[in-house]
Amino acid sequence: MTLTPGGTTHRRTLRWQDARVLAVRDETPRARTLRLALPEPRRHVAGQHYVVRLTAPDGYTAQRSYSVASAPDDTGEVELTVEALEDGEVSGYLHGVVEPGDELEVRGPIGGYFAWAADTPALLVGGGSGVVPLMAMLRQARRAGTGDLLRVVVSARSPADLYYADELPGPETTVVYTRASPGPRPPGRLTVADLAPLVRGGEDVFVCGSPGFCDAATDLLAEVGVPVESIRTERFGPSG
């Protein structure tokens, strides 16, 4: 099996291929992870994404981008976590119809801006489904024994809405709940007090979530002295 690094420009990376669904599992009531086997596997970089395309019998197509949640490896398999959006053409199908054994047309891995090579300190800030690409980074660091490079803060509405709840918690991570909190911190949005202790100085910062979350988090990071040029953002949400 020959893998092409996903961070390089390669014509094959842009070619559609039929991936087989190996397994599905629920992360939250509205989020589902699909594990896919790729016929032409290519090693991705944590933070990259795949495009999934659906084609109807009449030829109509719809496609959406989904971040890779799994760490880079040589298995030829990737995991995509999909949030079910109201009236979402693609997410609705992936949640309500797809099951193991099905095939999905995918293209990727794609993206170089919001990607972490796992060799420099980084602060990861995620809101809701924005935790998905950050989880790939965290998994990679833990697998390599370099978790000390990362500090991670994740915002979720409640424990029931926290993605990867059985795996995410650890010495690198802080979870902030906005509506229902089981811990000593009262529920509420991310604050300067949450971020300030996590900033070491000189690290790259990755912020991912809804447009509103990314804007608010970027403002907070600026307040605690993080240079704007060190912050990379990726905004999630329904397509326009």
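This is a predicted model: local features need pLDDT of at least 70, side-chain atom pairs count only at pLDDT 80 or more; totals for chains, interfaces and linings use all residues.
Residues are numbered from 1 along each chain as its sequence is written, and side-chain values use heavy atoms, with hydrogens and water left out.

Me: How many aromatic pairs does the count come to?
Reply: Rings of Phe, Tyr and Trp (its six-membered ring) pair if their centres lie within 6.5 Å; planes under 30 degrees apart count as stacked, over 60 as edge-to-face and the rest as tilted. By this rule, the count of aromatic pairs comes to two.

Me: What is the angle between the planes of Phe 114 and Phe 206, which form an aromatic pair?
Reply: Phe 114 lies in the loop between β6 (103–110) and β7 (122–127), and Phe 206 lies in strand β10 (residues 204–209), 92 residues apart; helices (H or I, at least four residues) and strands (E, at least two) are DSSP runs, numbered from the N terminus. The centres of the two rings are 5.3 Å apart and the pair is edge-to-face, with an angle between the planes of 90 degrees.

Me: Why is the pair of Tyr 163 and Tyr 164 edge-to-face?
Reply: The ring centres of Tyr 163 and Tyr 164 are 5.9 Å apart. The pair is edge-to-face because the planes stand at 75 degrees.

Me: Are Tyr 163 and Tyr 164 buried or exposed?
Reply: Buried means under 20% relative accessible area, exposed over 50%, and partly exposed in between (1.4 Å probe, protein chains only). Under these terms, Tyr 163 and Tyr 164 are both buried.

Me: The charged end of which residue sits over the ring of Tyr 164?
Reply: A charge sits over a ring if NZ of Lys or CZ of Arg is within 6 Å of the ring centre and within 35 degrees of the ring normal. At the ring of Trp 16, the charged end in question belongs to Arg 53, 4.0 Å from the ring centre. At the ring of Tyr 164, 4.9 Å from its centre, the charged end is that of Arg 139.

Me: How many salt bridges does the structure hold?
Reply: A salt bridge is a side-chain nitrogen of Lys or Arg within 4 Å of a carboxyl oxygen of Asp or Glu. The number of salt bridges in the structure is 15.

Me: How many residues apart in sequence are the parts that Arg 15 and Glu 40 tie together?
Reply: The side chains of Arg 15 and Glu 40 meet in a salt bridge of 2.8 Å, N to O. Because Arg 15 lies in the segment before β1 (17–28) and Glu 40 in the loop between β2 (31–37) and β3 (49–55), the separation in sequence is 25 residues.

Me: Which residue forms a salt bridge with Arg 139?
Reply: Arg 139 lies in helix α2 and its partner in strand β5, so the pair ties together parts that are 60 residues apart in sequence. Arg 139 is buried, with a relative accessible area of 12%. The closest N and O atoms are 4.0 Å apart, and the partner is Glu 79.

Me: What is the volume of the largest cavity?
Reply: On a 1 Å grid over the protein atoms alone, a cavity is a set of points where a 1.4 Å probe fits but cannot get out, and a pocket is an open set with protein on both sides within 12 Å along at least five of seven lines; lining residues have an atom within 4 Å of a point. Grid points are joined across faces, edges and corners, and a volume is the space filled by probe spheres set on the points. A search of the whole structure finds one cavity of 30 Å³ or more. The volume of the largest cavity is about 50 Å³.

Me: Which element gives the most to the lining of the largest pocket?
Reply: About 1300 Å³ of space lies in the largest pocket, and 43 residues line this pocket, with Glu 83 and Gly 127 among the closest to its centre. Elements that each supply at least two residues of the lining include β4, β5 and α1 (89–96). With five residues, the element that gives the most is α4.

Me: Is Pro 171 buried or exposed?
Reply: Pro 171 is placed in the loop between β8 and β9 (173–177). At 84% relative accessibility, Pro 171 counts as exposed.
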